[in-house]
Amino acid sequence: MSDIRANLESIQEQIVQATEKSGRAPDSVQLLAVSKTYPPEIIRQAFDAGQVHFGENRVQEALDKIPQLPAEIEWHLIGHLQKNKVRKVLPVCAWIHSVDSLKLAEGINRIAGELNLEAKVYLQVNISHDEAKFGFSPSEIRQSLDQLVAMEHLHIEGLMTIPEFSDDVEKTRPHFAALRELRDELKTNSELPLPGLSMGMSHDFTVAIEEGATIVRVGSAIFGKR
Ligand SMILES: *Cc1c(COP(=O)(O)O)cnc(C)c1O
């Protein structure tokens, strides 16, 4: 068995255990395989092992690799998106996890309308108030929610965050919990179901699941160190 197949199985097992520990349904969490920096032949191995959803963080790299891989793969953009690249990304990435400003959301909505498609998006929240990170602050998202909800070519899947890195996952846990609480608050104040929470990476995805993640973005634990 290839390492990649074994790694995927191990992660799926850990996902199930984390859902059991927190009293959630095992199928309530989706695994997104983060394939950034890995070449198409490696990504192909994960696809052959049954993985369908893949995430890339750089637009140009994604645009180069996507045509070389099976059309059945579902692509998610997880890195910062510049407005001038939206038109190229929307036809190939059905999901965008990194909608980090009202201006970008407006740009995506307008272009999705022109291309006659619906963009499935997560609103990126800078939950740990990290100066170096993109994202709405919680107060910005509260202020912008009505405008975001009115964008008819956006399907808002939920919220996404990349908390400040810590070796100690227990230090990250409160940030995951804060994103869930913000989601719950926004949900009561809008018409949106807003179910999704995109949070958790290789070193902390089980804790993210305990705090409510619905999709975990895992790279190095599948593909090895970059
Ligand atoms: C690289 C990346 C990940 C995955 O990180 P790993 O530590 O390799 O699992 C998740 N989310 C984002 C936004 C990333 O850029």
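Me: What makes helix α5 and helix α6 roughly parallel to each other?

Reply: In this predicted model, helix α5 (residues 102-114) and helix α6 (residues 138-149) pack at an angle of about 5°, with their axes 11 Å apart. Angles under 35 degrees count as roughly parallel, and α5 and α6 are therefore roughly parallel to each other.

Me: Which residues make the contact, and how do they divide into nonpolar, polar and charged?

Reply: On the α5 side the contact is made by Leu 102, Ala 105 and Glu 106, and on the α6 side by Ser 144, Gln 147 and Leu 148. These residues divide into three nonpolar, two polar and one charged.

Me: Why is the meeting of Glu 114 and Arg 110 called a salt bridge?

Reply: The rule asks for a side-chain nitrogen of Lys or Arg within 4 Å of a carboxyl oxygen of Asp or Glu, and the side chains of Glu 114 and Arg 110 meet at 3.4 Å, N to O, so the pair qualifies as a salt bridge. Both residues lie in helix α5, four residues apart, about one turn of the helix. In general, an α-helix has 3.6 residues a turn, so residues three or four places apart point the same way.

Me: How do you know that Glu 114 is partly exposed?

Reply: Its relative accessible area is 46%, and partly exposed is the class in between buried, under 20%, and exposed, over 50%; Glu 114 therefore counts as partly exposed.

Me: Which residues do salt bridges that share partners join into one network?

Reply: The network consists of Lys 21, Glu 170, Arg 173, Arg 180, Glu 181, Glu 210 and Glu 211. Within it, the side chains of Glu 181 and Arg 180 meet in a salt bridge at 3.8 Å, N to O.

Me: How do you know that the reach of helix α7 is close to the expected one?

Reply: Helix α7 (residues 169-188) has 20 residues and reaches 29 Å from its first C-alpha to its last, which is close to the 28 Å expected at 1.5 Å a residue. Among its buried residues are Phe 176, Leu 179 and Leu 182, and what covers the buried residues of α7 includes α6, β6 (154-160), β7 (196-198) and α8 (205-210).

Terms used: Residues are numbered from 1 along each chain as its sequence is written. This is a predicted model: local features need pLDDT of at least 70, side-chain atom pairs count only at pLDDT 80 or more; totals for chains, interfaces and linings use all residues. Side-chain values use heavy atoms; hydrogens and water are left out. Axes are lines fitted to C-alpha atoms, for helices over the stretch in contact, and angles run from 0 to 180 degrees between N-to-C directions. Helices (H or I, at least four residues) and strands (E, at least two) are DSSP runs, numbered from the N terminus. Angles under 35 degrees count as roughly parallel, over 145 as roughly antiparallel, 65 to 115 as roughly perpendicular and the rest as oblique. Contact means heavy atoms within 4.5 Å. Ala, Val, Leu, Ile, Met, Phe, Trp, Tyr, Cys and Pro count as nonpolar, Asp, Glu, Lys and Arg as charged, and the others, Gly among them, as polar. Buried means under 20% relative accessible area, exposed over 50%, partly exposed in between (1.4 Å probe, protein chains only). The expected span of a helix is 1.5 Å times one less than its number of residues.
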